[in-house]
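Please keep the sequence and the structure in view while reading.

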Amino acid sequence: GSTFASRTSRRDRDSMDLFVARQPIFDARRELAGYELLWRHSEDAGGAQQGDPNRMSSDVIVQNFLEAGVQRLTGGLRGYINFTREMLLTRTYELFDPKAVVIELVEDIPGDAEIVAACRKLTASGYT
């Protein structure tokens, strides 16, 4: 699938624009199952700019999902969101309906006992 930038703007005293890319995700039947939502630094960015992964994931969640709404960004399909260690341990996922999102762990999270316990809480609460 291709990635494209979907502009979601937030105007505040700093006049800050935030951007999110949606990467289509297909199921085993090759049907559209949802979109991975990714932070982008500009409308024409082809990929993420190096930066703090907590901030990048937080921008996607707070500025886009909560302000713009999951339904608007995903067309009613599930949104796949990258979570950092900190976000998982602080249970940021509880801001969302478990039927609306899939929690993805960023690849550099070590699988230690604290993370395993947090993942068990996550799935016990109905999240994927």
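## A glycine between a helix and a strand

In this predicted model, Gly76 is placed in the loop that runs between helix H2 (70-74) and strand E4. Gly76 is partly exposed, its relative accessible area being 46%. Although Gly76 and Ala100 are separated by 24 residues in sequence, their C-alpha atoms are 7.9 Å apart in space.

## Strand E4 and its partner

Strand E4, which covers residues 78-83, is mostly covered, with five of its six residues buried. E4 is joined to strand E5 (residues 101-105) by five bridges, and the two strands run parallel. Within this pairing, Phe83 has Leu105 of E5 as its bridge partner.

## A buried arginine without a salt bridge

Which strand holds Arg22? Arg22 belongs to strand E2, which spans residues 17-26. Arg22 is buried and yet takes part in no salt bridge, for the nearest side chain of opposite charge, that of Glu36, is 12 Å away. What does lie close to the side chain of Arg22 is a backbone atom: the oxygen of Leu73 is 3.0 Å from one of its polar atoms.

## Salt bridges

How many salt bridges does the structure hold? There are five salt bridges in the structure, and several of them can be described together with the accessibility of the residues concerned. One of them links the side chains of Arg85 and Glu114, with a distance of 2.7 Å from N to O. Because Arg85 lies in helix H3 (residues 85-89) and Glu114 in helix H4 (residues 113-124), this pair ties together parts that are 29 residues apart in sequence. Arg85 counts as partly exposed at 25% relative accessibility, and Glu114 is also partly exposed, with a relative accessible area of 46%.

Arg29 forms a salt bridge with Glu31, in which the closest N and O atoms are 3.7 Å apart. Arg29 is exposed, having a relative accessible area of 61%, whereas Glu31 counts as partly exposed at 43% relative accessibility. A further salt bridge joins Glu94 and Arg91, where the closest N and O atoms are 2.8 Å apart; Glu94 is partly exposed at 45% relative accessibility, and Arg91 is partly exposed at 31%. Salt bridges with shared partners also connect Asp27, Arg29 and Glu31 into one network.

## The chain as a whole

The protein chain contains four helices and five strands, which follow the pattern β-β-β-α-α-β-α-β-α when read along the sequence. Of the 128 residues in the protein chain, 41% are buried, and Arg22, described above, is a buried residue that carries a charge.

Contacts that reach across the sequence can also be considered for the chain. Among those between residues at least 6 apart in sequence, 48% join residues that are at least 24 apart. The accessible surface of the protein chain amounts to about 7,400 Å², and carbon and sulfur atoms account for 48% of that surface.

Technical notes:
Residues numbered from 1 in each chain as written. Predicted model: local features only at pLDDT ≥ 70, side-chain atom pairs only at ≥ 80, totals over all residues. Heavy atoms only, no water. Buried < 20%, exposed > 50% of the residue type's maximum accessible area, 1.4 Å probe, protein only. Salt bridge = Lys/Arg side-chain N within 4 Å of Asp/Glu carboxyl O. Polar contact = N/O pair within 3.5 Å; in protein donor to acceptor, adjacent residues only side chain to side chain. Pairing = 2+ DSSP bridges. Contact = heavy atoms within 4.5 Å. Areas by Shrake-Rupley, 256 points an atom, 1.4 Å probe, with all protein chains shown as cover.
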